[in-house]
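Have the model open while you read.

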Amino acid sequence: MIDLKKIVYCLLLFLVPTSLSNAQDVIPKPIDVLGFEPGADYKLANYAQISSYLQQLDAASNRVEMIEIGTSVLGRPLYLMFISSEENLKHLETWRLISEKLARARIDESQAQHLANEGKAIVWIDAGMHATERAGAQMAPELAYKIATEETAEMQEIRDNVIVLLMPNLNPDGLDIVASWYNTYLGTPFETTSPAWLYHHYVGHDNNRDWFMNNMPESEAVSDILYNQWYPQIVHNHHQTSPAWARIFLPPFSDPVNPNIHPGITTGVNLVGTAMANRFAMKKMPGVVSDFQYSMWWNGGMRTAPYFHNQIGILTEVAHATPTPRYYDPESIPKTLGSSRSNTPTNGTDIFYPYPWKGGDSRFRDAVDYMITASMGILSIAADRKEKWLYNMYVMGRDAITAAEEIGPFAYVIPRDQWDASEAYRLASVLRKTGIELHRATRPFSVEKVDYDAGSFIVYGGQAYRPMLTDLMEPQAYPDRRGPDGTPQIPYDLAGWTLPMQMGVRVDPISSPFTASVEEILDSDIPPQKGLITRQSDIGYLISHQENTSVEAANRLLAEGEQISWIKEPIKIRGQEFPPGTLLIESSEQTHKNLDSLITDLGINVYGLTRTYDVERVTLSPPKVGLYKSWVANMDEGWTRWLLKQFAFPVDTLHDAALQSMDLSSYDAIVLPSQNADRLLNGHAEGTRPADYTGGIGLEGTLALKNFVEQGGTLITLDAASDFAIEQFGLPIRNVVKDTEPEQFFIPGSLIRTHIDTNHPIAFGMQEEVAVSFQRSRAFESIRLSNRGEGGEANLTAAPDPPVQVIARYANEDILMSGWALGEDKYIGGKAALVNIPIGSGNVVLFGFRPQFRGQPGGTYKLFFNAIHAATIGKTGDFVDEGDALPSPAGN
């Protein structure tokens, strides 16, 4: 394909003096376009500036190819650069295919060795994920220029042997948010503060917590490159949360390591990290620390998900994340680097911190230099050992295939028959997005005396990505790690995340080999099978409320003006029972047309009624939802906003001033996302942010919320926000784990067995047992008047029970389903997990957990959605039988 931009640049060579006739002489440097050196004091380039430079570099250099791989949440292009020798770039598809064949490991050993010798190492480097870690995005243009133009022997070897995939910014929206904030407040006391809103439109810092779900378009686009297209052997993820007084963290990581990871990955990570540290030492760049806080257990980060794909994942955390210079007094150097999970001495006696930094001036440019040096360390060892990296990836993939044969399971079957078929489709899509090979049965089949319908998904264990498959499908058992005093060592992020449990999807592991007629699914966007309408009805229609998509269906129908109710008692039609919570849609002129679009888009089934039924029901109205948004940027708010949008809930953002001054009565429900009670009440303290972004809900807002509830509104509080409602409203309930010590009770991000009262409207459509995401969360019990005093017990008339409706309780036994838990039987066994408390004419719904955590636990979404829809209920009435409009079918 002819590249006109590069032809123009080549023609320019004939118009410049002979001294500039080398093509590299007309390649712009970053400073030529940006107007300042990357990492300059007090300077932040925005995405348009950086993109302009990269486009010019792409046009000018035959060693660079830049493509667009997707768009961000807010519509900015996501760029990926290929940098290598001119000759290598002419044959990119050849190198990609070699990498794919070795990664998928479906070839024999002699073919693999041949391809490893012939191929090129593929190394991924990214920057800019966390926008307040500002140096990465500024560094990327200079790294691209360096790789493309430097003529040292080392760089020539790198270009000859490595295809560099450089993604200059994983979060372009965030770069512009942070650059705008910094430039706005430059020269003020708030120069080094972070924005008062998330630096990713929906998920903020959690854009690095989305790498097995791939909910966000940025992570989905990148995962497709990593796991379905290019299969890099090494992935380098740049960050900037270095321990105080260190200059950079790099591997080896801390314990524990996930046993699903091939030991070749663990040792390979250590090998690369050690080579990087050696490079820093030889360049007299001190402050390199390893074995500090970050571990290899959790799956879900940009550098951790690669481990389960037989890829070397490298995290670096560099110091100095602001363009504003700092000074570290050498006389103030601490004896150890600070962390609750580390005790690394700073005197040079620690094997993982042998060359301490002694303080002094620190500048933004230092961070750029450390990042470039880190990436160069990776590229150098990638070039030196390119055959080993390629061949080792094949060996690990082959080992995974063999493990399925020796250990099992042979396959996981996701039956077509599910409580919530929409979540089964979502699980299949999640697996496919992360590169797992997926098949669908084209005919019914039987395994181990169980019959499966055509359309069931089959995920064979014998595949190179078996570590990822096993890790997502099976329970985690986090090791019991406690200090000498019994205090648990806090895991890095989560301890358990098993997807079928979270999503409420039945998955059957099959140990014995079987045969089935299947088709392979290659696309990660797996639409549901089209639903059906049993018959057109002039009376009404029923839709099961078991599927999460029924909520989207209800919202779309309500927006079209359809009349919808929840039935409150079961209806049995031709042997099929429709339980309480089933959606009843009254027929209108447009109903059938509206339903027809839903069965195509959502795959739902609709039952047309042939007669009316005398059944109690409650009428739903289009929900009006207000979502509180603190000026203390809150990821849970962003996730909640994203989820509500996915299911077609209209939602308004309510800041402090809105709660304090506007009429809230127009809202059916107001949601407080999980956030510390003090942060909700007080926000940023005065003087710590610009005045417009200080303060919280405050006394006025709290009174307004209470008045909103008393006059008929519903306040929904998620996890930590429940503490706020309990404290400020004086609710007759308490969080029983609030004052426990970690050595007594500790659940650090795990899945907990929970029982549901499915007769309560907030639990309509739910399974009776679910797994909830417990992130150091809450458990409730009612406050009752005690008849005890001075050691004795009085014989008194029992006080009335407080008006607390318990909708969900943690199990009494086998509480932990996946992850790690201490003291769970004693402290939360049988305790309330979700309650509704009437106040005046309204309600407060308190979740002790996050039902929407990171867009993962589809098995608990409906509890949240139902709480919103329940807030719209006007009156209770009967679907009165005014005489059969149509003959009643036999068997009704």
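## About the model

This is a predicted model, where local features need pLDDT of at least 70, side-chain atom pairs count only at pLDDT 80 or more, and totals for chains, interfaces and linings use all residues. Numbering starts from 1 along each chain as its sequence is written, and side-chain values use heavy atoms, with hydrogens and water left out.

A word on background: most peptide bonds are trans, and most residues other than glycine have a negative phi. Helices (H or I, at least four residues) and strands (E, at least two) are DSSP runs, counted off from the N terminus.

## Cis peptide bonds

Take D255 and P256: they're joined by a cis peptide bond, with omega at about 0°. P256 sits in strand β7, which covers residues 254-257.

Another cis bond links G408 and P409, this time with omega at about -5°. For P409, the setting is the loop between α13 (386-406) and β13 (411-414).

## Positive phi angles

W245 isn't a glycine, yet its phi is positive, near 80°. You'll find W245 in the loop between β5 (234-239) and β6 (248-249). Its relative accessible area is 12%, so W245 is buried (under 20% relative accessible area, using a 1.4 Å probe and protein chains only).

N310, also not a glycine, has a positive phi of about 65°. Look for N310 in the loop between β9 (295-296) and β10 (312-318). N310 counts as buried because its relative accessibility is 2%.

How values were computed. Buried means under 20% relative accessible area, exposed over 50%, partly exposed in between (1.4 Å probe, protein chains only).
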